[in-house]
Amino acid sequence: MTSVTRAVFGELPSGAGTVEKFRLQSDLLRVDIISWGCTITALEVKDRQGRASDVVLGFAELEGYLQKQPYFGAVIGRVANRIATGTFTLDGKEYKLAINKEPNSLHGGIRGFDKVLWTPRVLSNGVEFSRVSPDGEEGYPGELKVWVTYTLDGGELVVNYRAQASQTTPVNLTNHSYFNLAGQGSPNIYDHEVTIEADAFLPVDETLIPTGEIAPVQGTAFDLRKPVELGKHLQESHINGFDHNFCLKRTKEKQFCARVRHAGSGRVLEVYTTQPGVQFYTGNFLDGTIKGKSGAVYPKHSGLCLETQNWPNAVNQPNFPPVLLRPGEEYDHTTWFKFSVA
C-alpha cells in the first residue's frame, strides 16, 4: 500500500504561488516531491538494520531550491544536458538558446523546467505534475504540454514523462537526483559499487559536448559492466570523475541500466529505463559551499546522478537517437528506481 499526503512547502517570492510537498510512503520507501520543478527533496530508505536514512542531496526549505544550486532532485527540460553553442537548425530555421554554461546551453536554459511551478494532481499511489511550456520558452519552438508522474510501489519509485508538441521541437526529460546510499551528508561516494549496463559511451570535448564518436567501453575506465568500487576505480584510472553519457540499447522497452550498491549499509539502487542513455555524473562540480539538509555540506563527489535520457546534443548529431517530437506524436518515457537491501 502507498499513502499520499500533501502539505505546503513554501511560498514563492512576490506572490508567485504556493509550492506544495507530496509525501509518497510505502512500507519500504518514503519520498517527498515538491511542485517546484517536480523536485525530489527527500527519499528515505532503510538499511540492513532497518534504520532509515535520506539518500538524496537537497534542502529542507524552499529557499534552498530558489538559490543558485546544481539541479538537486529536479526534472530537467525542455532538453536535458548540453546543446553545443546553444544552437540547432530545424526545417531550415536556426534556433538560438541562452548560453547558461559557457559556451553551451545546459538543462533547458536559464529558466528550465526545474525553475517553474507545476500543477499537481494526487493519484492513489503517487502524484502527477503538469504544465504547458509556451511557444518560444527559452528559445524552443512550439508549445509543449508536459506531464511528469511519480508513483510508488513497495521499494520502487517510477517516474513517467509524457509530452505533446504543437510544433516540431527537441524534447529530452530527466530527473537530476543526487544519490548517496550511505545517507545524504556523508562525505563521499567512494565506497559505492557501481555497475552500468553499457557497451559504449560518448567521449566529450573540453566543454563536455560529445565529439560524435560512439566509443566501446572495452579496455577503458568506462567499462562498468562489472561492478567497480568508485573511489578505487577513479584513483586507478586517474580520472577526476564521470560526467558522461553511457549508451544503452536503443529500445523503447524497459531495460536494466545501472546498479549502485553500498556495502556498509546494504542499500542497493537499481535503475531501469526506456531511454537510450544515462548520464553518469559523480558530483565533480560540487564544492562544499552549499549547505543542505541537517546542516550537511556537499563537497566534490558527495553524490552521484544517473540521469536517464537521450544522448547529449542529439539535436545536432544525426547519428544519435532521434530527439525531435512532432505534432501528433507523444513523447513517453519511464524510469524505475528500485531500492532494496543486500
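This is a predicted model: local features need pLDDT of at least 70, side-chain atom pairs count only at pLDDT 80 or more; totals for chains, interfaces and linings use all residues.
1. Two strands count as paired if DSSP finds at least two bridges between them.

2. β14 covers residues 156-165, and β27 covers residues 331-341. Eight bridges join β14 and β27, again in the antiparallel sense. V159 has T335 in β27 as its bridge partner. Strand β14 is mostly covered, with eight of its ten residues buried.

3. Now the overall picture. The protein has two helices and 27 strands. Its radius of gyration is 19 Å, close to the 20 Å that the globule rule gives for 342 residues, so the protein is as compact as a globular protein of that length. The C-alpha trace spans about 60 × 50 × 40 Å along its principal axes.

4. Burial and contacts come next. Of the 342 residues, 59% count as buried. The protein exposes about 13900 Å², and carbon and sulfur atoms supply 49% of that area. Take the contacts between residues at least 6 apart in sequence: 66% of them join residues at least 24 apart.

5. Five strands form it, in the order β19-β18-β21-β24-β25, with antiparallel pairing. β19 (215-216) and β25 (305-309) stand at the edges; each has a single partner strand, so one side of each is left without a neighbour in the sheet.

6. Inside that sheet, check β21 against β24. Strand β21 (residues 243-247) and strand β24 (residues 277-281) pair antiparallel over five bridges. F246 stands opposite V278 in β24. In a regular strand the side chains alternate between the two faces of the sheet.

7. Aromatic rings form 22 pairs. In one of them, the ring centres of F129 and Y150 are 6.2 Å apart and the planes are at 80°, so the pair is edge-to-face. F129 lies in strand β12 (residues 126-133) and Y150 in strand β13 (residues 144-153), so this pair ties together parts that are 21 residues apart in sequence. Both F129 and Y150 are buried.

8. There is also an aromatic cluster. F9, F59, Y65, F72, Y178, Y281, F285 and Y298 form it.

9. Is N81 buried or exposed? N81 is in the loop between β6 (75-76) and β7 (82-83). Its relative accessibility is 2%, and the cut-off for buried is under 20%, so N81 counts as buried. The N81 side chain makes a polar contact of 2.9 Å with the side chain of Q279. Beyond neighbours within four places in sequence, N81 is in contact with S105, L106, H107, Q279, Q309 and P312.

10. V122 is a contrasting case. It lies in strand β11 (residues 119-123). With a relative accessible area of 37%, V122 is partly exposed. Not counting residues up to four places away in sequence, V122 touches V4, R6 and F22. V122 and I34 are 88 residues apart in sequence and 12 Å apart in space, C-alpha to C-alpha.

Key:
Residues are numbered from 1 along each chain as its sequence is written. Side-chain values use heavy atoms; hydrogens and water are left out. Helices (H or I, at least four residues) and strands (E, at least two) are DSSP runs, numbered from the N terminus. Buried means under 20% relative accessible area, exposed over 50%, partly exposed in between (1.4 Å probe, protein chains only). A polar contact is a pair of N or O atoms within 3.5 Å; within protein, one must be able to donate a hydrogen and the other to accept it, and residues adjacent in sequence count only if both atoms are side-chain atoms. Contact means heavy atoms within 4.5 Å. The radius of gyration is taken over C-alpha atoms; the globule rule is 2.2 Å times the number of residues to the power 0.38. Accessible areas come from the Shrake-Rupley method with a 1.4 Å probe; for residues, only the protein chains shown count as cover. Rings of Phe, Tyr and Trp (its six-membered ring) pair if their centres lie within 6.5 Å; planes under 30 degrees apart count as stacked, over 60 as edge-to-face and the rest as tilted.
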